[in-house]
Amino acid sequence: MTQFVASLLAWVARLISGANALWIDCQPVPRQRIYFGNHTSHMDFVVLWSVLPDDVRAQTRPVAAEEYWSSSKLRKYLAAQVFRAVLVDRQSSTVEQRRDQMDRMLAGMGKDQSLIIFPEGTRGSGDEVQPFKSGLYHLAKAKPGLEMVPVYLENLNRVLPKGEYLPVPLLSRVYFGAPLQLQEGEAKGEFLERARQALIGLAD
């Protein structure tokens with residue numbers, strides 16, 4: 001039943017968003033990765049998740065806001081059973097709380113699971129990609145050699161604008177770029193900006 005619901009939601013998300021996946025210098029293979037994207041809409045992770053091939057989607061878990069996805073029985077069911085989301089507290093401010101966030105994500109990955117994350121940390125307007133928070137760097141450092149795939153979501157800020165609750169059917173595209181990895185000795189700021197520029201490059 002859960003698999004049916006997941007397939008149905010993926011189909012509905014693609015239908016509403018008109019999403020079309022374009023893989024550029026990257027193959028859609030079931031391999032442990034981090035898919036990191038720009039964040040402009042509540043639909044971002046759902047659409048990114050929905051355009052993944054079935055075998056890749058089956059081992060990919062979105063990182064999502066605990067306060068939102070734990071606020072009702074339906075959201076809890078979808079987060080836990082359908083999306084298999086890794087829930088984190090977006091309001092974390094102390095070192096201990098941020099460490100707990102990282103521990104949850106690493107535990108959620110295990111040995112073979114991928115994650116979907118949005119390193120900007122909050123939704124933007126869609127006009128530009130904001131500076132990245134440090135989480136992407138810490139995940140890369142904790143898992144040497146892990147592929148980080150930039151994913152640019154085009155037009156989703158118009159499908160479901162910030163502050164709106166009903167999506168407007170429009171065509172959108174999801175660009176998957178060439179995987180990158182943390183280089184030996186690469187500083188946090190350098191890596192985060194390199195990853196950000198890889199994402200911006202897909203928008204062009």
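A residue counts as buried when its relative accessible area is under 20%. Trp-69 has a relative accessibility of 11%, so Trp-69 counts as buried. The structure discussed here is a predicted model. The chain has 204 residues, of which 46% are buried, and its secondary structure consists of nine helices and seven strands.

**Overall architecture**

**The largest pocket**

- The volume of the largest pocket is about 960 Å³.
- Its lining comprises 30 residues, and those closest to the pocket centre are Val-88, Arg-90, Gln-101, Phe-118 and Gly-121.
- Helix H6 (95–109) is among the elements that supply at least two lining residues, and H6 gives the largest share, with seven residues.
- The other elements that each supply at least two residues of this lining are helix H2 (44–51), strand S3 (60–65), helix H4 (66–69) and helix H7 (135–142).
- Sorted by class, the lining holds 14 nonpolar, nine polar and seven charged residues.

**Aromatic pairs**

- A pair of aromatic rings is described by the distance of the centres and the angle of the planes.
- The count for this chain comes to nine aromatic pairs.
- In one of them, the ring centres of Trp-23 and Phe-176 are 3.8 Å apart with the planes at 5 degrees, so this pair is stacked; the cut-off for stacking is planes under 30 degrees apart.
- This pair links distant parts of the chain, since Trp-23 belongs to strand S1 (residues 19–23) and Phe-176 to strand S7 (residues 172–176), 153 residues apart.
- Trp-23 is partly exposed, with a relative accessible area of 23%, whereas Phe-176 is buried at 0%.
- Tyr-68 and Trp-69 provide another geometry: their ring centres are 5.2 Å apart and their planes stand at 80 degrees, so the pair is edge-to-face; planes over 60 degrees apart count as edge-to-face.
- Tyr-68 is partly exposed, with a relative accessible area of 28%, while Trp-69 is buried, with a relative accessibility of 11%.
- Tyr-68 and Trp-69 also belong to one aromatic cluster, which they form with Phe-45, Trp-49 and Phe-83.

**Helix H2 and Ser-50**

- Helix H2 is mostly covered, with eight of its eight residues buried.
- The buried residues of H2 include Phe-45 and Trp-49, which are also members of the aromatic cluster.
- Not counting residues up to four places away in sequence, Ser-50 touches Ala-10, Ala-13, Arg-14 and Arg-57.
- Ser-50 and Leu-9 are 41 residues apart along the chain, and their C-alpha atoms are separated by 7.7 Å.

- Val-129 lies in the loop between strand S5 (114–117) and H7.
- Val-129 is buried, with a relative accessible area of 8%.
- Val-129 touches Asn-38, Glu-120, Tyr-152, Arg-196, Leu-199 and Ile-200, with residues up to four places away in sequence not counted.
- The C-alpha atoms of Val-129 and His-39 are separated by 8.2 Å, and the two residues are 90 residues apart along the chain.

- Asp-25 is not a glycine, yet its phi is positive, at about 55 degrees.
- Asp-25 sits in the loop between S1 and strand S2 (33–37).
- The relative accessible area of Asp-25 is 64%, so Asp-25 is exposed; the cut-off for an exposed residue is over 50%.
- Arg-84, also a residue other than glycine, has a positive phi near 55 degrees.
- Arg-84 is placed in the loop between helix H5 (73–82) and strand S4 (86–88).
- Arg-84 is partly exposed, with a relative accessible area of 26%.

Technical notes:
Residues are numbered from 1 along each chain as its sequence is written. This is a predicted model: local features need pLDDT of at least 70, side-chain atom pairs count only at pLDDT 80 or more; totals for chains, interfaces and linings use all residues. Side-chain values use heavy atoms; hydrogens and water are left out. Helices (H or I, at least four residues) and strands (E, at least two) are DSSP runs, numbered from the N terminus. Buried means under 20% relative accessible area, exposed over 50%, partly exposed in between (1.4 Å probe, protein chains only). On a 1 Å grid over the protein atoms alone, a cavity is a set of points where a 1.4 Å probe fits but cannot get out, and a pocket is an open set with protein on both sides within 12 Å along at least five of seven lines; lining residues have an atom within 4 Å of a point. Grid points are joined across faces, edges and corners, and a volume is the space filled by probe spheres set on the points. Ala, Val, Leu, Ile, Met, Phe, Trp, Tyr, Cys and Pro count as nonpolar, Asp, Glu, Lys and Arg as charged, and the others, Gly among them, as polar. Rings of Phe, Tyr and Trp (its six-membered ring) pair if their centres lie within 6.5 Å; planes under 30 degrees apart count as stacked, over 60 as edge-to-face and the rest as tilted. Contact means heavy atoms within 4.5 Å.
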